[in-house]
Amino acid sequence: LAQAEAALASAPFCWKLAAMDAVSRAGRASVYIRGRLHWPLPGGSPRSWRRIQSHCNARFASCASGNIDTTTLLGTGAFAVAAMSALAPANPLRLPILPALQPVVQHALRVLPLQCEEATVKASSDAGSSMQPPVVDKIPEDTFRPGSGSTTRLYQFESCPFCRKVRGCLDYHRIPYEIVEVHPLNKAEVKDFSPDYKKVPIIRIETTDGQQMQLRDSKTIVNALLGSNNPGVAAATPPPTATPSTGKMWPPAKDPEKATSGTVEEQWVHWTDAVLVQCIVLNVYRTFSESAETFRYLLTHPNFSWIQARSAAWSGTAVMWAIANRRKKTYAVPDVRVALYEAVGSFAAAVRTGGGRFLGGDKPGAVDFNVYGILRSAEACQTERDLLTSCADIHPWYDAMNEVVGPSKAVNLDAVKRG
């Protein structure tokens, strides 16, 4: 154990996470076997025993569905536990977490999960240097005129709901752009021009006369792309309200005034982040297999090596599955599918009350693009299939959005294979 701990202390993050998962699973398997054989833990302290028992109650997806990485980790971990038990049966079995792995979970929560979620954007003082295009919140009017020759790059995570908001708005305005998939662990793609900002989406624009700029935060980018053409919301649109399953999401616990302050449009924009994003996260990562489905696109992405793709996909699958389950408890949601259906249904009802095809009336506004992008982040996943099957009320609005947004204008769309 001492040698294993020393090795893991300096190991890469993804290997620590894999080892933690293996030891955790092996601990639960060992407890089950010992229980069946009526074989107590010799010399084990009550604290160690309770720690192992707590993992017996954890819910994991079945390994029988072709989840090779899970099967491999479980087999390796079980073999290690069997070997340790055979070699030192009289020693206390202190599983499932080695001391070297204690900070891994907290590190994972800081490094990987939902790094597409925006915070207040703080541009650094050197953001205007040659390597760092200036951070702006508005786009010059002639930037995207036909024949302007401007190039646009969207730095994103494919499954990020915030990034999909921006993609929908770019497609709507028929702006060609290049998708740059950011590696979730090292973020090498943005370090050279955005070292002070660790989140996505980021849009980087270069004009033919050599000007460069970058925009951060999905709400800022959507508002900049819409400009003065944002219709807001229809006059008869009601403000958002909580549903039986989203009562702990809305009003937001940290900023309850967002539910009542500002315009109705601003309240709906806040609702999309506080409620709809959370519902999507709870659903696309609901089970281990659904979480793996969400990250599967990384395994075939041409920009990442075999190791890079699998380290991101495997660690992302485990961490986001754990986070979704933790948030389910935080928000006291008994059934995450029902919560999503209720949230989408309340939005569809607001569109009908407003009297137009969109919440913005006759054309989509910022709220429409926010909701559309969040729902599109579940593209080709089981969540999307279930949603469109169970929520008939959203179809008129969703079909209208698909019509006006049109096909993707990403020049390298084929690089990503979802589902």
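Start by selecting Leu299, which sits in the loop between helix H10 (288–295) and helix H11 (306–330); helices here are DSSP runs of H or I with at least four residues, strands are E runs of at least two, and both are numbered from the N terminus. Leu299 is partly exposed, with a relative accessible area of 33% (buried means under 20%, exposed over 50%, partly exposed in between, using a 1.4 Å probe and protein chains only).

Before moving on, a word on the model: it is predicted, local features need pLDDT of at least 70, side-chain atom pairs count only at pLDDT 80 or more, and totals for chains, interfaces and linings use all residues. Residues are numbered from 1 along each chain as its sequence is written, and side-chain values use heavy atoms, with hydrogens and water left out.

Next, go to the strands and pick Arg153. It stands opposite Arg204 in E3 and opposite Glu178 in E2. Show E1 (residues 151–156) with E3 (residues 202–206): they pair in the antiparallel sense over five bridges, where pairing requires at least two DSSP bridges. E1 and E2 (residues 178–181) pair in the parallel sense over four bridges. Trace the chain from E1 through helix H6 (residues 161–172) to E2, and you follow a right-handed β-α-β crossover: with the strands pointing away from you, the path from the first strand over the helix to the second runs clockwise.

Two cis peptide bonds come next. Val200 to Pro201 has omega near 15°, with Pro201 in the loop between helix H7 (188–191) and E3. Trp250 to Pro251 has omega near 0°, and Pro251 is in the loop between helix H8 (218–226) and helix H9 (264–284).

Finish with two positive phi values in residues other than glycine. Asp217, between strand E4 (212–216) and H8, has phi near 80° and is buried at 8% relative accessible area. Ala380, between helix H13 (366–376) and helix H14 (382–390), has phi near 65° and is partly exposed at 28%.
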